[in-house]
Amino acid sequence: MQIEHVASPNFNERKHPLDMLVLHYTGMATGEAALERMCDPKAEVSAHYMVWEDGRITQLVEEDKRAWHAGVASWQGQQDLNSRSIGIEIVNGGHDFRAPDGSLPPYPRPQIHAVLDLVHDILGRHTIPATRILGHSDIAPLRKQDPGEHFPWERLARAGISLWPDFDGTTKEVIGKGLERGASGSSVWRLQTMLSEIGYGFDVTDIYGETCENVVTAFQRRWLPEQVTGQADLTTLRRIGVIHALFAA
């Protein structure tokens, strides 16, 4: 695996042990534009690595340094995730650069293979639990969408990276008809508690408002990508239950 080096000035010292990996898409028109921005000291943003569409890998920040990729974020009650993580930017326009038919830009096969190789390489050097290999939308669900519902998390799990449980067996009926924006009460509180215990950072209430909808949307982007609605229907509730049990194990 060949890695080119382009030094970004945007880094500082870590304050916590490294035990997390965060995947992003660049969300810009080109990889060149993203690279230029991450090397601009005025932008105050960077990542450790960037993976191009053709599979090339560029390293911008050394792994023992704190790159500036996560922003305001939290996971499992922890803050300052930049100090705890390695950030990988994947060149992809994302939600701001859809095709005319509304579809999200694909992640080419050579790019995904390069991501797999890079992550395997990183995991050979650092102890990072599968429950802490995350998307930007997982750690910042109220403001981020990347790497998006079109990112192949299931493919990563088949390669031994991250998690993708067998959801086919989760057919047991969930009490009730599901929840959506405007709902309130103990069922909403239980839903939010489970999402919080998985790791999503937000204030638990008994009201299904905009915040709850955004967190459910982030969960769906990761675990139910074919159904990103923000509504906690029965399928979503079942999957939340499966992931909650898996992450709590």
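Modeller: Start with Glu149, which counts as buried at 19% relative accessibility; buried means under 20% relative accessible area, exposed over 50% and partly exposed in between, with a 1.4 Å probe and protein chains only. Before going on: this is a predicted model, where local features need pLDDT of at least 70 and side-chain atom pairs count only at pLDDT 80 or more, while totals for chains, interfaces and linings use all residues. Residues are numbered from 1 along each chain as its sequence is written, and side-chain values use heavy atoms, with hydrogens and water left out.

The partner of Glu149 is Arg221: the two form a salt bridge, with the closest N and O atoms 2.8 Å apart. The term salt bridge here asks for a side-chain nitrogen of Lys or Arg within 4 Å of a carboxyl oxygen of Asp or Glu. Arg221 sits in helix α7 and Glu149 in the loop between α4 (136–139) and α5 (153–158), so the bridge ties together parts 72 residues apart in sequence. Helices (H or I, at least four residues) and strands (E, at least two) are DSSP runs, numbered from the N terminus. Arg221 is buried as well, at 11% relative accessibility.

For contrast, look at another pair among the 10 salt bridges in the structure. Glu13 and Lys65 have their closest N and O atoms 2.7 Å apart. Glu13 lies in strand β2 (residues 11–13) and Lys65 in strand β6 (residues 65–67), so this pair ties parts 52 residues apart in sequence. Glu13, at 48% relative accessibility, counts as partly exposed.

Most peptide bonds are trans. Another proline to check is Pro105, in the loop between β7 (85–90) and α3 (109–123). Pro105 is buried, with a relative accessible area of 18%. Not counting residues up to four places away in sequence, Pro105 touches Asn92, Gly93, Gly94, Phe97, Arg98 and His150, where contact means heavy atoms within 4.5 Å.

The axes of α7 and α8 come within 11 Å and cross at roughly 75°; axes are lines fitted to C-alpha atoms, for helices over the stretch in contact, and angles run from 0 to 180 degrees between N-to-C directions. That makes α7 roughly perpendicular to α8, on a scale where angles under 35 degrees count as roughly parallel, over 145 as roughly antiparallel, 65 to 115 as roughly perpendicular and the rest as oblique. At the crossing, Val216, Phe219, Gln220 and Trp223 of α7 meet Thr236, Arg239, Ile240, Ile243 and Phe247 of α8. Zoom in on Thr236 in α8: its relative accessibility is 0%, so Thr236 counts as buried. Neighbours within four places in sequence aside, Thr236 is in contact with Val216, Phe219, Gln220, Leu224, Gln227 and Gln231.

The buried residues of α6 pack against both α7 and α8, and they are Val188, Leu191, Gln192, Thr193, Leu195 and Ile198. Helix α6 has 13 residues and reaches 18 Å from first to last C-alpha, close to the 18 Å expected at 1.5 Å a residue; the expected span is 1.5 Å times one less than the number of residues. Just after α6, Gly199 takes a positive phi of about 150°.
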